[in-house]
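Open the model in your viewer and keep the sequence panel beside it. This tour goes stop by stop: what to select, then what is there.

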Amino acid sequence: MQGDVFGLRAAFMEGLQYMELIPKEKQPVTGTEGAYYRRRQLLRQLPIYDQDPSRCRGLLENEVKVMEEFVKQYKSEALGVGEVALPGQGGLPKEEGKQQEKPEGAETAAPTTNGSISDPSKEHVCELCKGVAPADSPVIYSDRAGYSKQWHPACFVCNKCSEPLVDLIYFWKDGAPWCGRHYCESLRPRCSGCDEIIFSEDYQCVEDLAWHREHFVCEGCEQQLGGRAYIISRAQLLCPACSKSKRS
């Protein structure tokens, strides 16, 4: 029981330290700009329609099956949640991470990490900025990366957009953490019209942008542009008439 109390207290203190290491404007404290930022990032980084076929619009039956397999695969192979711990203590129960008090004069055994002897003099280097993490300052661990790697809290960001990973939810790819949005986009195209991932093999692609066929329409007058002239300006798809109107 006492060990449980120590573990909870250690986790609480590490949580407070972790919050202090996040930029103040991004700290998710109720009623602050940081809380609104977190809400926006949840919607941005983890769109519900990237996770649940029932929240997508107009998926065909065969596309539902493709999406279900897609979601099942990323949950199995990539999805994870970062762990807050002191350097060298990633993957350990909190009560194990706390060094027990020893009788006066007794030798102090070096703490262990994942079954190996931890060298107290070893420097723990952040994977992103390569700066040394102070021994008394929490870092972030990823079980998919292995516990030999750690990040400063402010450095645990998406490999693509460099935004902090909301609620420490990450997708592991190419040796780095990604946010959900950019992980999914790295595997399948995202429709510029509805923002959903495209699970059909029949879609419209122009430069680095993609659309469901039915969403390849002018954003001004909504006429279908398949087989017609179009102009892309600042990632906006327009027919020539609407493009001219916007310039005038």
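Start by selecting Gly82, which sits in the loop between strand S1 (79-81) and strand S2 (83-85). Helices and strands here are DSSP runs (H or I of at least four residues for helices, E of at least two for strands), numbered from the N terminus. This is a predicted model, so local features need pLDDT of at least 70 and side-chain atom pairs count only at pLDDT 80 or more, while totals for chains, interfaces and linings use all residues. Residues are numbered from 1 along each chain as its sequence is written, and side-chain values use heavy atoms, with hydrogens and water left out.

**Stop 1**

Is it buried or exposed? Gly82 is buried, at 12% relative accessibility. The cut-offs are these: buried is under 20% relative accessible area, exposed is over 50%, and partly exposed is in between (1.4 Å probe, protein chains only). Now show its contacts (heavy atoms within 4.5 Å). Not counting residues up to four places away in sequence, Gly82 touches Ile140, Tyr141, Phe156, Leu168 and Tyr170. Next, draw a distance from Gly82 to Asp167. Their C-alpha atoms are separated by 8.3 Å, although the two are 85 residues apart along the chain.

Step back to Val81, in strand S1. Val81 is exposed, with a relative accessible area of 52%. Leaving out residues up to four places away in sequence, its contacts are Asp167, Leu168, Ile169 and Tyr170. From Val81 to Asp167 the C-alpha distance is 7.8 Å, across 86 residues of sequence.

**Stop 2: Asp167 and Arg38**

The term means a side-chain nitrogen of Lys or Arg within 4 Å of a carboxyl oxygen of Asp or Glu. Asp167 lies in the loop between strand S7 (139-141) and strand S8 (169-173), and Arg38 in helix H2 (residues 33-45), so the pair ties together parts that are 129 residues apart in sequence. Colour both by accessibility. Asp167 is partly exposed at 36% relative accessible area. Arg38 is partly exposed too, at 32%.

**Stop 3**

How many salt bridges does the structure hold? There are 10. Select Asp50 and Arg190 for another of them. Their closest N and O atoms are 2.7 Å apart. Asp50 is buried, with a relative accessible area of 3%. Arg190 is buried as well, at 9%.

Move to Arg57 and Glu196. This salt bridge has its closest N and O atoms 3.3 Å apart. Arg57 lies in the loop between H2 and H3, Glu196 in the loop between H5 and S10, so this pair links parts that are 139 residues apart in sequence. Arg57 is exposed at 59% relative accessibility, whereas Glu196 is buried at 2%. Now select Asp50, Arg181, Glu185, Arg190 and Asp195 together: salt bridges that share partners join these residues into one network.

**Stop 4**

Show S10 and strand S11 (residues 209-212). They pair in the antiparallel sense over 4 bridges. Two strands count as paired if DSSP finds at least two bridges between them. Val206 stands opposite Leu209 in S11. The hairpin has 2 residues between the strands, and Glu207 takes a positive phi near 55°.

**Stop 5: His152**

Select His152, in the loop between S7 and S8. His152 is buried, at 18% relative accessibility. Leaving aside neighbours within four places in sequence, His152 is in contact with Cys126, Cys129, Gly131, Val132 and Ala133.

**Stop 6: the cysteines**

Last, select the cysteine sulfurs. The structure holds 0 disulfides; the cut-off is a pair of cysteine sulfur atoms within 2.5 Å. Cys179 is buried, with a relative accessible area of 1%. Finish on Cys242. Its sulfur is 3.6 Å from the closest cysteine sulfur, in Cys239, again too far for a bond. Cys242 is buried at 16% relative accessibility.
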